[in-house]
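This report describes a structure for a reader who is meeting it for the first time. Please look over the sequence and the model before reading on.

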Amino acid sequence: MLDQGKISASQLSLLLFTLVGSTAMLFIPAVTAESAGRDGWMSILFLSTIFGLLVAWVCTSLGQHFPRENIIEYSPKVFGPVLGHLISLSYIFFFIWTNAIIVGEFADFMIATFLPETPRLVFVLIIVWLAAYAVRNGLEVIGRLNQFLFPLLLISYLGLVVFVINDIKLANLTPVLENGIKPVLKGSLPPSAWRGEIVLMLMILPNLNQPAKGRKASIYAVVFLGIVLTLNTIATVGVFGAELSSHLTFPYFTLADYGQVAIVLERMEALVMLVWVAGLMIKIAMFYYCGVLALARWFNLQDYKPLITPIGIILIAWSSIIYENSRELVELISKTFPVYAFTFELLIPALLLAVAAVRKKRGGSSQ
Amino acid sequence: MLRNIFKKLKKLADRERPYTKGEHLVENIPLSTNLARNIQHLKEIFQDCSDVVFREYAIGGSKPVKAAIFYVDGLVNTSLLSDAALNPLMVDSQWVNEFGKVNSRNAYKIVKDRLLTIGEIIETNQVNELADHIMTGTTALLLDGSEQALILNTRNWESRAVEEPETEAVVRGPRDGFTENIRVNTAHIRRRIRTSRLKSEVMKIGTLTKTDVFILYIKDIVDNKVVEEVRTRLSRIDTDSILESGYIEEFIEDEPFTPFAQMNVTERPDKVAAGLLEGQVAIMVDNTPFVLMVPYTFPQFLSSPEDHYNRYPWATFVRLLRIVALIIAMLGPSVYVAITSYHQEMIPTSLLISIASSREGIPFPAFVEAILMEVTFEILREAGVRLPRPIGPAISFVGALVIGEAAVTAKLVSPIMVVVVGLTAIASFTIPSLEGAIAVRLIRFPIIFLAGALGLFGIMVALLAILIHLCALRSFGVPFLSPLAPLSPRDLKDSFVRFPWWAMFTRPHMTGSKEPVRQGFSQKPQTPPPRKNGNQKGGGKDA
Amino acid sequence: MRKGFFLSLIFLILFTSGCWDRKEIDELAIVGATGFDKVTVNGRHMYRAISYVYKPAEMGGGAEGGNGKTLAPFWVVSELGETLSDAEKNISARSSRFVFLAHSDMVIVGERLAREDGVDKVMDLLLRHKDLRMRNLLYIAEGETLRVFERGLPQFESTLSQELAGISEKSLPIVSKTYVPDVKEFVYSLLATGRDPVAGKLEVFPTPEELSSPVGNEEPQSFVRPTGAAVFRESKLAGWLTDTETRGFLYVINKAQVGIIPLKLPNSPQENFSFQMTKAKTKIIPSVKNDNISITLEVKAEGNVGTMEDSVSLAKPEDIKKLEALVAAEIKQLIKNTVDKTQNMEADVFGFGEAVHRKYPKVWKNIEEEWRNIYSDLQVEVKVETKIRGTGMISNPITVESR
């Protein structure tokens, strides 16, 4: 194994939570409100949770088949060297491509809301540098960092709901299922794709100190995410109504701006932003780590650290050209990304699992 | 980054300097039976050492045996020397007649067994070893006709009286502190922990200074791996001098490129004792009252020994207070800079207006103002340390009041900035560990720079970088942030809060897992049932 | 190795050339209120933006001025422009400091702009701006906004915006006679289906009519206060509600909490009894029967006897019951009046459409297009239940004739 660091099951669970939660929190209320309207919470609570559970089941099953290997290592064993290596390569592409989108999202958000005149490159550079620093220190440190920051993340996610609780009108959620189930299904695509990001487990499951607990940890993460994200969507729609929510670029952020606690705590958006930056840094570091580790394994290197700088440079460059304006980003997130996501998050792992089961391939004796 | 620059510099430096160790090689010379020759050797070694005293005399009556003593004036207890070594040899030896008279053949044995009335004696037959021992304050006794020399422990190092440590004052708790004398220091610990399981291994480090370094630990509580690690790291040190524990600290720490200390530094014996009982290892160095303790974790950063003596609700409150103070000390000025120059929307309108009116006419941006004031404060602080004791407070007073007041009146800085900097300064003094306070004061500056460049985002970037660094930091293999990350909930009992003593059954998991249970369970005080024929008047009587 | 060097170089550049967004507090023109008007200048329609800027130096502790002359602690700056955003940008051109909107407490829109162009333009401009908070109050000025700012001298606070914000936050809920939404609420109603928005109304006192009567040599000090509410049809101003009509409106939207309702006892020439309301709750119940839509309003009000200027006995429970019936009838009348008026304006400010939509989504689909017509002659039934809990500190009235 390239990284000897071990994480515990609870750390894995928290990592998966941050991984999905940090970006989903910000973008999902708007994306779902646009397609599913006031029923957005249903898409998040039911459909995408089911999808997430499915992904978790497939990934952990693969993990049990190949307890000490990651997907880059066992896909050639299952599919044969040529196809297997191609699949590995496509995963490397997926990790880096997704990461580039996230880095871009981050920079655009900062420009749109906080520092409009600061050059985009500054944000990209800083966040990639921070993530690279974390990746350099390995998964163990990322896990610990996340564990340390998690209470803050949770407070910012749930605390905000408490802050605006007086302004939430649950009547805004009615009528339920006005246009039938179709918009809900459509609206569940992006949150499902997001939830499916837990597919990164395929890379980090071997580092779990108690592999048997992996499935439980991932299921906890998916369900808990479902609850928290649903609460946030309900809060957003409850305060702003479905129509206004879909007009806002960052509804959750506007919510932070709107909420107030006894006059003293007003305009907490900057604080929410701070916590969000922390969560996002961890997310980028996770994708970064997986990309670097996968590539190092693909090239059969002894150490993954030399790849950190080149991939960082690729990330910086790619995130600057991956899309041109914020609407293109929303399009990318809600239309293009789900297609890729379903392929990489469910289709390929499921195929792998099926073929491995049929061919009775098992790993684990490699070390 | 820093690491790379350092490497480059080192490479540059190494290229130009031929690498030789400044070691003075001496060959090992055995002692001979001829006293004159031995004296000759020693005199050569101690040439021009005016503090080395040499005296020749004779033992026994009729056929006196020649003898000589060497010692360093000022390091030995001369009255003990004359009582225990000179008097019996020169006077009493005349009456010894058990094996007949003292002669050059039996002199050594008689002297050693019968005549010397002194506790500790070491024998040696090497001239260099002898010389080394003389330097530590022992007295060398050489006898004619013997190739063994006796080393008498007559050490009497002048030492400061035991005083209350100045750097770590407490309200409640013992007032004694370590001194420069390592024996006094070990005695402090031994008095507190009276078990033979308290071990103290000795090492001599420094080819010239030959400083005594003690490794203290309690066997079967401490993690053997940590002790082994301490031993190997200490034995790897190859230097000619150790003058303070700081030398050792920098040689043996896990991560050299960091402002954070990875060892606890203290002058309080009670703190060392408490650490030892939790499975830590203490490293004592001669000639300094500062003792190192490893492994060092984040909760110790914020805890004072007093927390264990005060009532637990108060101790908990104080610890939480210290966290607030830590945050203020680290982020105070930078948050002010970030909010006033980037996030004015966060300030309540009326406060914003009053800040704005107080800043009206100030020439500098808040960021420059903050740097200016912080540097001024650090200068004042440094001056306060360096100044002679009687003037120190006066200068701080002048600095704080006069300069602060005048700067505000002259519209150089805004009054709110003075408040912020003052608060920060005071908050930084609440951090109980000396090293911790230094680290916090140091990282404050880069954070102010980042806050000035990017606002709150800059602060977050700095905090994240620091956090990643802290998560990766280890002190002798133990993660610095434990028990927070990795989380071990049981150990949180003595971290941000302090549970009552009867609830803390176990030692910290990271250091004391070998013998985890330290006391009986369920010792919560029970109120006894009311006595039947109570109501005794004057409860003080039965005491 | 070289990597580290470059990285440090990049960071160095970052910090030396940095501080792109830094704005010192003393470089800010802190705006307390924002206003917009539509005016005709030389036959051309133009827009005017107004900012009400605080002058911190004159506001707090600015006692150093030795001239003896105190300057006003605010600065009203207005500029014209071809479009709203143009006008707004022109203000920046006149200000020596950055115009900073984040501390604005209210948005005031002129009557003409609201009537002719609609407020949606203003909302779009403001919400696109990252600084403006949705907690801003929205007022429609009777006449021109500029007049409000110029004539509206603060009476108690040092600036108008602070005073108005204080009034709407603390006093209005106690009186329940006027209504001011915040921007979020307004935009929410604007975008919601089956609901028309309402905004606050600002009036300058003394009114021109009052002014014309010569009072004395000195010009009376003018002031501004919120009165009633402004009713919109979609985004355009449709008309005003008076104070009493606003109370009827507040009952329906569940915002009438406390307040005094003056009443006439059956056999007296003038109002001589007042009901001091402490609690009120309304349910909007839509019902659809054979394509016939009707709305039932169930109001429950509670309160005490405020004043009793007549000699009616209040000692027995039956007396109280009689009074309760009187109050109920009065509240019912209040609501009826308001509903009638808005039906005439064809503005569904109560969200009856929304209520139908929520309860009968299928029916709503068919009638959504013609809701406005349906609304204007919608059957609205009002049921009021009142309770008089107590009579205050005294029971029977203190009136001379009672004996």
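C:V204 stands opposite C:V224 in β8 of chain C. The model is a predicted one, in which local features need pLDDT of at least 70 and side-chain atom pairs count only at pLDDT 80 or more, while totals for chains, interfaces and linings use all residues. Residues are numbered from 1 along each chain as its sequence is written, and chains are lettered from A and ligands numbered from 1 in the order in which they are written.

Strand β7 (residues 198-205) of chain C is joined by seven bridges to strand β8 (residues 223-233) of chain C, and the two run antiparallel; helices (H or I, at least four residues) and strands (E, at least two) are DSSP runs, numbered from the N terminus, and two strands pair if DSSP finds at least two bridges between them. Three bridges also link β7(C) to strand β6 (residues 137-141) of chain C, this time in the parallel sense, with C:Y139 opposite C:G200. Six of the eight residues of β7(C) are buried, so this strand is largely enclosed by the rest of the structure; a residue is buried if 20 or more other C-beta atoms lie within 10 Å of its own, exposed if 12 or fewer, and partly exposed in between, with C-beta atoms placed from the backbone.

## Chain C as a whole

Chain C contains 14 helices and 13 strands, and buried residues make up 40% of its 403 residues. Of the contacts in chain C with a separation of 6 or more, 73% are between residues 24 or more positions apart; two residues are in contact if their C-beta atoms, placed from the backbone, lie within 7 Å.

## One sheet of chain B

In chain B, five strands form an open, antiparallel sheet in the order β6-β7-β9-β10-β8. Strands β6 (198-205) and β8 (264-266) of chain B stand at the edges with a single partner strand each, so one side of each is left without a neighbour in the sheet. The twist averages 25° from one strand to the next, where axes are lines fitted to C-alpha atoms, for helices over the stretch in contact, and angles run from 0 to 180 degrees between N-to-C directions. Eight bridges hold the antiparallel pair of β6(B) and β7(B) (residues 211-218), and B:K204 stands opposite B:D212 in β7(B). Helix α7 (residues 224-236) of chain B packs on the sheet, touching β6, β7, β9 and β10 of chain B, and its direction makes about 170° with that of β7(B). Helix α9 (residues 269-277) of chain B also packs on the sheet, where it touches β6, β7, β8, β9 and β10 of chain B, with its direction at about 50° to that of β7(B).

Within this sheet, β9(B) has five of its five residues buried. In a regular strand the side chains alternate between the two faces of the sheet. Both faces of β9(B) are covered, with B:V281, B:I283 and B:V285 buried on one side and B:A282 and B:M284 buried on the other. β9(B) pairs antiparallel with β7(B) over four bridges, B:V213 being opposite B:V285, and with β10(B) over three bridges, where the bridge partner of B:V281 is B:V294. The hairpin of β9(B) and β10(B) has five residues between the strands, and in it B:N287 takes a positive phi near 70°.

## A second sheet of chain B

Five strands of chain B form another open, antiparallel sheet, in the order β1-β2-β4-β5-β3. β1 (52-59) and β3 (121-124) of chain B stand at its edges, each with a single partner strand, so one side of each is left without a neighbour in the sheet. Four bridges join β3(B) to β5(B) (residues 149-152) in the antiparallel sense, and the bridge partner of B:I122 is B:I151.

## Where chain A meets chain C

Chain A has 19 residues in contact with 17 residues of chain C. On the side of chain A that touches chain C, α10(A) gives the most, with four residues. The residues of this side divide into nine nonpolar, six polar and four charged, where Ala, Val, Leu, Ile, Met, Phe, Trp, Tyr, Cys and Pro count as nonpolar, Asp, Glu, Lys and Arg as charged, and the others, Gly among them, as polar.
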